[in-house]
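Q: I would like to learn how to read strand pairing and helix packing. Please take me through one example.

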Amino acid sequence: MRLTKYVSLFVLLLLGSITAAQEVHNFKMDPEKTDCHQIELTDNLNENIQLIEQSTFRFMQSIKISRYHVPNNVAYYSCDGISGYLIAQENDSSLLFRNVRKTLYDSLISSDDPIQFYANHIKTKLKKQYE
């Protein structure tokens, strides 16, 4: 009886350490197989957003934030996992931010209030590609 309890405890600890040791990556492809370094932006916001969305990035993530407040959703694209593009959907329009640090994006999505974080740290402080 005691041996079964210890074996069960050992197995649970072992499974927990194996699960904790696994890393989850959001890489669509290996970094050398991306084409995002070839992006050449133009003066057209919609074309640039379409170009970014169709390119292959090392890291890409899109999240819905709110149905009624801005931003409605945000998408982040990065070639190197350090900085990248942030596209924010605000009702019927989109904003494109360049050279957004991934740490800033991570803070946005882990914030208790992403709407306020976006207003205070992204929309008012980062330069939009188009006004």
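Q: In what sense do β3 and β4 pair, and over how many bridges?
A: Strands in a sheet pair through backbone hydrogen bonds, parallel or antiparallel. Here β3 and β4 pair in the antiparallel sense over 7 bridges; a pair requires at least two DSSP bridges between the strands. In β4, F97 is the bridge partner of L86. This is a predicted model: local features need pLDDT of at least 70, side-chain atom pairs count only at pLDDT 80 or more, and totals for chains, interfaces and linings use all residues. Residues are numbered from 1 along each chain as its sequence is written, and side-chain values use heavy atoms, with hydrogens and water left out.

Q: What is the strand order in the sheet?
A: The sheet is open, with 4 strands in the order β1-β2-β3-β4 and antiparallel pairing. Strands are DSSP E runs of at least two residues, helices H or I runs of at least four, both numbered from the N terminus.

Q: Which residues of α3 are buried?
A: Buried means under 20% relative accessible area, exposed over 50%, partly exposed in between (1.4 Å probe, protein chains only). In α3 (residues 102–110), K102, L104, Y105 and L108 are buried. Their directions from the helix axis to the C-beta atoms fall within an arc of 155°, so they line one face of the helix. T103 and S110, on the other side of α3, are exposed.

Q: What covers the buried residues of α3?
A: Contact means heavy atoms within 4.5 Å. The cover includes β1, β2, β3, β4 and α4 (114–123).
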